[in-house]
Amino acid sequence: MKKQTILTLAIAAIGIAAISWWVGQESYTWFPPQASAESILIDRLFSVLVTIGSFVFLGVVGALIYAVLFQQAGKYESGDGPPIEGNIPLEIVWTAIPFVLVMGIAFYSYKIYDQMEIRGPMEHDHSAAMVMSGSGDEIEVIAKQWAWEFRYPAQKVTSTELHLPVNQRAHLILKAQDVIHGFYIPAFRLKQDMIPGQAGNFEFTPILAGKYRLRDSQYSGTYFAAMQANVVVEPAADYQNWLRRSAATTPAIAHNTAFAEYNQKSTRAGWKTIVPAAPPIVNYSNPND
Amino acid sequence: MTNISIPEIDIDTNRSHEPEDWRRFFGFSTDHKVIGIQYIVTAFFFFLVGGVFAMIIRGELLTPESDLVDRTVYNAMFTMHGTVMLFLWTFPVLAGLANYLVPLMIGARDMAFPRLNAIAFWMIPIFGIVLIGSFLVPGGPAQSGWWSYPPVSLQNPSGNLINGQFLWLLAIVLSGISSILGAINIVTTIFRMRAPGMTWFRMPVFVWAVLSAQIIQLFGLPALTAGAVLLLCDLVAGTSFYDPAKGGDPVLFQHFFWFYSHPAVYVIILPVFGIFSELFPVYARKPLFGYKVVAVSSLIITGLSAVVWVHHMFASGTPGWMRMLFMFTTMLISVPTGIKVFAWVGTIWGGKLRLDTPMLFAMGGLVMFVFSGITGIMLAAVPVDIHVNNTYFVVGHFHYVIYGATVMGIYAALYHWFPKMTGRMYNEGLGKLHFALTFLGTNLNFFPMHPLGLQGMPRRVASYDPEFAFWNVIASLGGFLLGMSTLPFLVNIVGSWVQGKKVSANPWRAIGLEWLIASPPPHENFEELPIVVAEPYGYGMNEPLVSNADKL
């Protein structure tokens, strides 16, 4: 009987492991496209977590379902189960395994984080990466209630669309003007809060040309949800072209969703709100935003 | 070991004139059982109010555009939804269960400070009225989310001194004071009022869990309450603790806020762990597996809960070393939690299961808790959190904790102790219908939030890109189903309270001091104080729990 139990458990564990592995591989499809070098690392970590998590979940739920199906008391049965109060070796094992598991996950996450080399705004260090960024390629990101504006000081270009060259490390300086905003591009898997009064350096590497969404990720008041912008990642030549064309364009008032909506007569009853900032005046804006 | 003589005298002198009929539930009663039920019923009222707010939110999110209510109204809705659900439903209902059960479970005749107990309760309707009343002031209620992060919370478009944010902060400060009073009372009661023979390792795990949770209130709430007072000063008195325009630091508030508000999650979930630990042995007819380890793991969680708060701020401009440090502490807290989960599975395994409504809710809650624990570990991993922080993934995660595990656990407790509280049995068919609707609604409502968050939909948005519509529609339908699921519960509870079948002292054949006395228990619970002679979960062992059972 004992041999049979071990065999059954082993088969169940292999089955659950196989399903978990499959779910872990599926997890790559749950994300937006992998458009930054960092996203590949993060998706891999997430896939590992999904695999382990599925195994634990299916194991626990499998045991519970088995108990519900096969260990119910009969309708007129009033006896008790076996009075087992615990099992010291088993309890040590199920303390040790989770401990080793989560510490392993933490170390693996640490390694991934180390590879990503995200620099938070409070780390104004002067490491190699920072010295390299003194090349004049920094892009200023301005967030205000409720508009994004991007400035390319070296090329004297301003825009409401963030353009980045593919396969080059991007250096951004994040500046919030009024309240805390969050700089978040899901396709890059990257996010950074922008604290008013603290310019933050932010770096990453886009690796896939395309058009993505930038969203405010830190709740910023009435028109928070409308505070989105497009991010265009393009080949270096196109990027330089865009900069040249934009620099030659006379600045004009861009469309701004929050401002437009505020000035529209609304038929819905609402409360008084902070007045949106005037739409940015920029060289380049995409009218379809 | 225990000191009972003084409170005993105190209770005897101020109890004799109280009415015994239904009117006592509407007055300033000092009976812990009356106060417990007052807490539970008041909290459930606010649960329905918060649920209406939630359905307005889900109504707005049925379509990508902001088209159901104005954006200011939407923002007020999610702010009030979160605030009401936490401060007026979850905390009070758990305080109510602790109030009702702890004195019975440890063999006391009342709480240590009965009048303080009543004062703590009556502050709840008062700050509830302050909070809901903010709908009537010009400018409407607070619209800065339940976190109330400055500078957004300091912006005051209406220009009035008495505005929604002001009333919100006032309500939070009152709530904090009420909870601190309650915590002092419960901790003192557990330390000082245990019956003869009720040693620490004969206490039911629910009592251990409540003790661990209330200790968190004592060290954590002062930080939030003080932080809220400073924010109030910034808002009305022109100080600049948090206002960056005047040299303040907005991130400081985040530290104050999360130093309490993360441990607050354990204030909520620990008593629910306690409920699971009480119920599984009863309905599996087996002792709780590894009782002492389960009991002590609550205290370990209390200790660790104080050093994990920065994991809410991984994207807030925290330096790398802080991110790593708090990732490790957060990972650690899953170990004592995992021990409990395995102990519950060990309890259920090999038992003689009875799937009555309380057991269904407890098992459903356990399954959803395991799910939320796994997404919780994902969120603790800094690189993953950087992506999903402040997205719907987090909203999905904590709703599985708060609804999937906590509300399910609370329902399980309400059904399980309903016969004790009322002396009548609820309707089993309606109970099972309630379970089915709740389990289905919870998963339909909150599972879709995970893919939405992974795809990059931020939380707190009134409008969203059309690509997110599919999962939002499912979530909204689940939300409406969840709203409807409360109806069979209300019908069942009200109907059964009035004309349910009368029950004996112990309809579940459960082991515990509360089951040795009549249903509902008499005024001062025990005729003679019980003399406890055994550990709490002696299922299948045929041993007496007390030596004077016939004299209680």
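Good morning. Over all chains, the count comes to 15 salt bridges. Please keep in mind that the model before us is predicted.

Let me start with the general idea. Side chains of opposite charge can pair when their charged atoms come close. Which residue of chain B forms a salt bridge with A:E77? The partner is B:K352, and the closest N and O atoms of the two are 2.7 Å apart. A:E77 is found in the loop between α2 and α3 of chain A, whereas B:K352 is found in the loop between α11 (334-348) and α12 (357-380) of chain B, so this pair joins two chains.

Between chain A and chain B the count is 5 salt bridges. Another pair is made by A:D80 and B:R285, whose side chains meet in a salt bridge at 2.9 Å, N to O.

Which elements of chain A supply residues to the side that touches chain B? At least two residues each come from α2 (37-70), α3 (88-116), β7 (190-194) and β9 (210-216) of chain A. Of the elements of chain A, α3(A) gives the most to that side, with 16 residues. By type, the residues of this side of chain A divide into 52 nonpolar, 23 polar and 15 charged.

I turn now to the extent of the interface. The contact takes 90 residues from chain A and 104 residues from chain B. Together, the two chains bury about 8,100 Å² between them, and 67% of that area is on carbon and sulfur atoms. In chain A, the residues that lose the most area to chain B are A:W94, A:Y219 and A:W271, which together account for 11% of what that side buries.

Finally, we may look inside chain A. Here 5 strands form an open sheet with mixed pairing, in the order β3-β2-β1-β5-β8. Its edge strands are β3 (157-159) and β8 (200-204), each of which pairs on one side only. Neighbouring strands of the sheet are turned by 25 degrees against each other on average, direction ignored.

Within the sheet, strands β1 (residues 139-144) and β2 (residues 147-152) of chain A run antiparallel and are joined by 5 bridges. For A:I142, the bridge partner in β2(A) is A:E149. Helix α5 (residues 236-247) of chain A lies across β1, β2 and β3 of chain A, and runs at about 95 degrees to β3(A).

Thank you for your attention.

Note on methods:
Residues are numbered from 1 along each chain as its sequence is written. Chains are lettered from A and ligands numbered from 1 in the order in which they are written. This is a predicted model: local features need pLDDT of at least 70, side-chain atom pairs count only at pLDDT 80 or more; totals for chains, interfaces and linings use all residues. Side-chain values use heavy atoms; hydrogens and water are left out. Two strands pair if DSSP finds at least two bridges between them. Helices (H or I, at least four residues) and strands (E, at least two) are DSSP runs, numbered from the N terminus. Axes are lines fitted to C-alpha atoms, for helices over the stretch in contact, and angles run from 0 to 180 degrees between N-to-C directions. Contact means heavy atoms within 4.5 Å. Buried area is the accessible area (1.4 Å probe) that two parts lose on being put together, summed over both. A salt bridge is a side-chain nitrogen of Lys or Arg within 4 Å of a carboxyl oxygen of Asp or Glu. Ala, Val, Leu, Ile, Met, Phe, Trp, Tyr, Cys and Pro count as nonpolar, Asp, Glu, Lys and Arg as charged, and the others, Gly among them, as polar.
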